[in-house]
Amino acid sequence: PGKRSVGRYDVPAGIAAFPSCLVAEAVGQLAAWVSMEHIAFRGRPVAALATETRFHGDVTPGDTLTLTVDIESCDDDAVAYSGHAEVRGSKVIELVHCLGPMLPVAEFDAPEALAARLELLRGRGAAPGAFRGVTPPRVVKTLGQTGRSASAVLRVPESAPFFGDHFPRRPVFPATLLLDSQIGLALDLSRVATHWPAGSKPVPARITHDKMRSFIPPGATLEMDAELSTTGADSATIKLAARLDGKTAATARLDVIARTQS
């Protein structure tokens, strides 16, 4: 308790896709359960800083995730943790040295409902098939320089099923869904770079310096930027940023590598 936890998540077979960012979300949620119980549900962690996220493989509908988190420190102020997810014994994602500040739980959820949910997860588990996929937010590309930079506008929906969990008392657009859109913009940018080896495609390898700076409410409009920083024979680093009302809301760096296409 308060130190380590292992969980299992069965990805529904009937959904269209399960992006790597949702795998990271699953790891982060497991860490949240451990930390909230540790402080008797007085607070709940919110996404703030991830030193590094490593992408090792894809997850497909029907896979079973084995989730593991190790809590480095936890108190009423913040939780620090690392974790990973595996499919059939192989790591698909790693989260290294993440930090989530604790905010008063009553602002977001009913403490008694969270405690009851944890007991369910520890017992027979949640009913399978409740997750039916996420409709990607609307992203409209704007300015950019081919092969060097790209910009887009992301429009957060006014309502969506995930707001029921994130969070019941204060709906917030999940940072992982923003990051998924940012990665998509970055990959579109990197695909038109000319240095990729023949027969390969760019794929995410790791994210560093991932920092959320503000909450994103329903209906918000975000400006996203991706800028090619460095390139190699089969790699690239892309700076990511998102702005809300003219202020920086999120920043990260994405390392992209070449993968041979099957």
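The side chains of Asp109 and Arg44 are joined by a polar contact of 2.8 Å. A polar contact is a pair of N or O atoms within 3.5 Å; within protein, one must be able to donate a hydrogen and the other to accept it, and residues adjacent in sequence count only if both atoms are side-chain atoms. The model is predicted, so local features need pLDDT of at least 70 and side-chain atom pairs count only at pLDDT 80 or more, while totals for chains, interfaces and linings use all residues. Residues are numbered from 1 along each chain as its sequence is written, and side-chain values use heavy atoms, leaving out hydrogens and water.

Asp109 lies in the loop between strand S6 (90-104) and helix H2 (111-122). Asp109 counts as buried (under 20% relative accessible area, with a 1.4 Å probe and protein chains only), because its relative accessibility is 6%.

Thr251, by contrast, belongs to strand S12 (residues 247-260). Helices (H or I, at least four residues) and strands (E, at least two) are DSSP runs, numbered from the N terminus.

The table gives both side-chain pairs.

| Side-chain pair | Polar contact |
|---|---|
| Asp109 and Arg44 | 2.8 Å |
| Thr251 and Arg213 | 3.5 Å |

Leaving aside neighbours within four places in sequence, Asp109 is in contact (heavy atoms within 4.5 Å) with Arg44, Leu114, Phe167, Pro168 and Arg169.

Conventions:
Buried < 20%, exposed > 50% of the residue type's maximum accessible area, 1.4 Å probe, protein only.
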